[in-house]
Amino acid sequence: MTNYIKTIGIEVHVELKTKTKIFSPAKNGYGSGANTLTNVVDLGYPGTLPTLNEEVVNQAIKAAIVLNCKIRKEMHFDRKNYFYPDNPKNYQITQSRTPIGYDGYVEIEVEGEKKKIEIEEMHIEEDTCKSAHRKDVTLLDFNRAGVPLIEIVTKPCISSGEEAKLYIEKLREILFYADISDCKIEEGSMRCDANISLRKNESDPLGTKVEIKNIGSISNVKLSLEKESIRQEKLLENNETFPAQTRRFDDKLNDTVLMRIKETGNDYRYFPEPDIPYLYITDEMIENVKNTIPLTADERRKEYMTRGISKINSDKILLNRSLSDYLNQFLKTDIDFVIVSNLLLGDISFYLNKHFLKLEETKLTKEKMIKLVEKLSDKTLTNKNVKDMIEYLLETDKTVEDIIKEKNIVNITDDSYLENIISEVLENNKESINDYLSGHDRALKYLMGQVMKLSKGSANPTLASQMLKEKLENLTID
Amino acid sequence: MSRYLEKSVLELHELLKKKEISPKDLVEEAFTRIEENKEYNAYITLNKEKALEEAKELEHIPFEEDNLLFGLPIAVKDNIITKDLRTTCASHILDNFMPIYDATVVEKLKASHMIIIGKTNMDEFAMGSSSRTSYFGAPKNAWNKEKITGGSSGGSAATVSLRDVPFALGSDTGGSIRQPASYTGIVGMKPTYGRVSRYGLVAFASSLDQIGPMTKNVYENALLLNAIVGRDDKDLTSSHKEQEDFTRLIGASIEGMKVAVPNYFMSDIVNEEIKEKIKESLEILKSAGVTIDFVDIPYLENAVTLYQIIAMGEASSNLARFDGVRYGHAKENPESIDNLYYGTREEGFGEEVKRRIMVGSYLLSGENAKEYYNKALSIRDDMRKALLDTLKEYDFILGPTTTTTAYNLTDPMDDPSKSFMDDVLVIPVNMAGLPGLNIPVGFDKEKMPIGLHIIGAPFEEAKMYSLASYLEEKLNLNLNPKGEE
């Protein structure tokens, strides 16, 4: 079979995090009762006019900045005319001729190599209603109508499903950490369409374009593109042609299915929106927005790795914004980041997940964490101790010291107490001593286990092991 | 019952102040007159119960001596949204439409304690210039029942000229206030684009539409304009101009003012009798020390073509929302969503509206957008510049408002472009966003009114009223069709 060159372009719609909608004062929110977050403007009521939410423009400027786009200084909105029940005015207000951002890029790493995914343009537009199909009726929820979106369009510069996936992951991380969108694919606040065509040689013209609409998860981005290219390859191998078309990915079939054949010259009758005057973006506006951009994901990752956290663990922390924000409190301290990150990704995450909690809902203050790390560093506490204490650390206002005292968590560093335990263990395990002295190192592990057991896990393992070895060295085989 | 509504607003205000009459008396009288003039078909919906209720309520609040509009009745064109008062745009597609909010201008009328008497007849969605495209039948001209009122604000023009009410609001996209004002012998102002909020005006062509006052004289026109202007945050195209008193220059000297009369406005396209009357007015101005120059202004002859492209393009999009899904008429038992769309719009829209939607859609389709719409926008800019350049040298541009006087209701409607040619003299004003004012300056042989068209620089309405009131006083015409004034 020939090796086909894949040409992929991706369009992503992202709902912006704003208090109100783009063209009306109705609240921008998810999960409220159907049609509770609407007003006459969102309903496309006769006589109503759009206003323009300044927050949307600022969010779009911010997106343009973090996506390395050039920002258009003079822009307008356009009407895209088409009839559809989810489109209240039967035109959508968007930006066709003057997208706010253009010529940007997102950098991804493919098998160790950096690659820039070029962004053709990004523009502002309004979301449509949500339709729910029930038997023979369609219900419309106007809560989503007029929610601000930005659409980000790449150049056809992506060459595999894997690259597409990496691009979406990176894009999501960037937008999420810039507070532009919550980027929840499952709630529809981030939606992804991909275009793919195949050809044999670089010198060939681009093949027939197939669009895959509404891909429901990041992993399906890769999967659907791979499945679609296999499908197309088979057709091309048999010298079959196919029309430009729109498909969707079907989870159950694990393949793409046809939605519709593209009609030639889909005519949206674009024209400049006469209800919204031209918009002029000043350098000052851009500067002001720049100052609101929080630490980006890349900046965070770099900090974490400089502080010794592995790449894998840094990525894991970045997947959970609240862990990352928590960790960032310590950027200006000299606390051991590796210990903090291990705690966050280990026992703390385990407890949070188990109890459906968020870190910011717990009582794990910055001061508590500093104390905890201090005690772990000087081995006053063991990881096992922390495990035992975790509930009290997260759920009570008590200090680390108080918890240790109250829960009777003793990490035994007291030599005499340890000596007694070790003597008792040695007394009862003559055979193991003989084994050890005959060169069976396994026996030491067993004896240590007995020490820990007898101390109910509270012995400081380093100390205990050291003392045990010393004792054994002084013994002879019976 | 005594009759008051022919009186001037100042007189009515005095009578109200002295409690010789009450707002309720005026409201009742308005409805009596409307009933008497029923055959003129000026109204689509009357607001009888609520109007009387509001009038009674006014007796319980202190009389506002500084508010000359307090308690006075007003008619509102039926494309301006009124809460809980049916708003049809004279279309079958909205003939059951009960709005849930008030247009900004309506809020302002209510804040001035004016009382809305009813919603006036008009061309369907303001598309037409004789009000004959109304789903509810055409209104009739008070000067001659056989004649059209003009349009699209024909009902507002009719009810003011009939003296049913002292005030009406109209809307003007391509002459729809000034042309019917001219045909019916009243004063009609299309303010500068952005002067009056469009929020709640059902959009025909968004970049051209403007609401304006229609009254029996100049002073009262300025009074009503005072009440409806102002920046509205709900309309991004509304201007930030500060509140001003548009009556302030009425009575001021007009000596030394300069007027340009475009040769095109006095060319063969205009009826001889009309040209004669305009010349008489120009003579009056001349003797008052006004300079009159005949000038050539480019692009004026292209205005109608440009207007058709821009207005129909925008209309095709603005009217897309009437689809039977959320409000208004809907086809019964549709088989599919497309069937609902086609059926609703086929049943709901009249011929002229359908024609304009189709032409507009065509003009915006594919390459046509570049070929027609975008080109029209750029020529429109040139035309605006040409007019503004003239208005830098001159205080006003003057000419006739219409090329003929009101014609017969039975005249054929089969030539769609004829209706646009009716508006050839008024359309350039909308294209350039300028203010334009009609005042009656005489009558033709058939005793049908003739109007003068005053075009001003942006936001110069007060100065226009000044010139208009000078002429009004000098001409001293009897403008009551029933001759009672």
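Predicted model: local features only at pLDDT ≥ 70, side-chain atom pairs only at ≥ 80, totals over all residues.
Stop 1: Select residues 272-287 of chain B, which form helix α8. At 1.5 Å a residue, these 16 residues should span 22 Å, and the end C-alpha atoms are 23 Å apart, which agrees.

**Stop 2: its two sides.** Now show the side chains of Ile274(B), Lys277(B), Ile278(B), Leu282(B) and Leu285(B), which are buried. Look down the axis of α8(B): the buried residues fall within an arc of 140°, so they line one face of the helix. An α-helix has 3.6 residues a turn, so residues three or four places apart point the same way. Next, colour Glu272(B), Glu276(B), Glu283(B), Lys286(B) and Ser287(B); these are exposed, on the other side of α8(B).

**Stop 3: what the helix packs against.** Which strands meet the buried residues of α8(B)? Select β7 (258-262), β8 (291-295), β9 (396-400), β10 (436-443) and β11 (449-456) of chain B to see them.

**Stop 4: the domains.** Where they touch, 28 residues of domain 1 of chain B are in contact with 23 residues of domain 2 of chain B. On the domain 1 side, α13 (416-421) and α14 (427-432) of chain B are the elements that give two or more residues. That side of domain 1 of chain B has 17 nonpolar, 9 polar and 2 charged residues.

How values were computed:
Residues numbered from 1 in each chain as written. Chains lettered and ligands numbered in written order. Helix = DSSP H or I, 4+ residues; strand = E, 2+ residues; numbered from the N terminus. Expected span 1.5 Å × (residues − 1). Buried ≥ 20, exposed ≤ 12 C-beta atoms within 10 Å, placed from the backbone. Arc of directions from axis to C-beta. Contact = placed C-beta atoms within 7 Å. Nonpolar A, V, L, I, M, F, W, Y, C, P; charged D, E, K, R; others polar.
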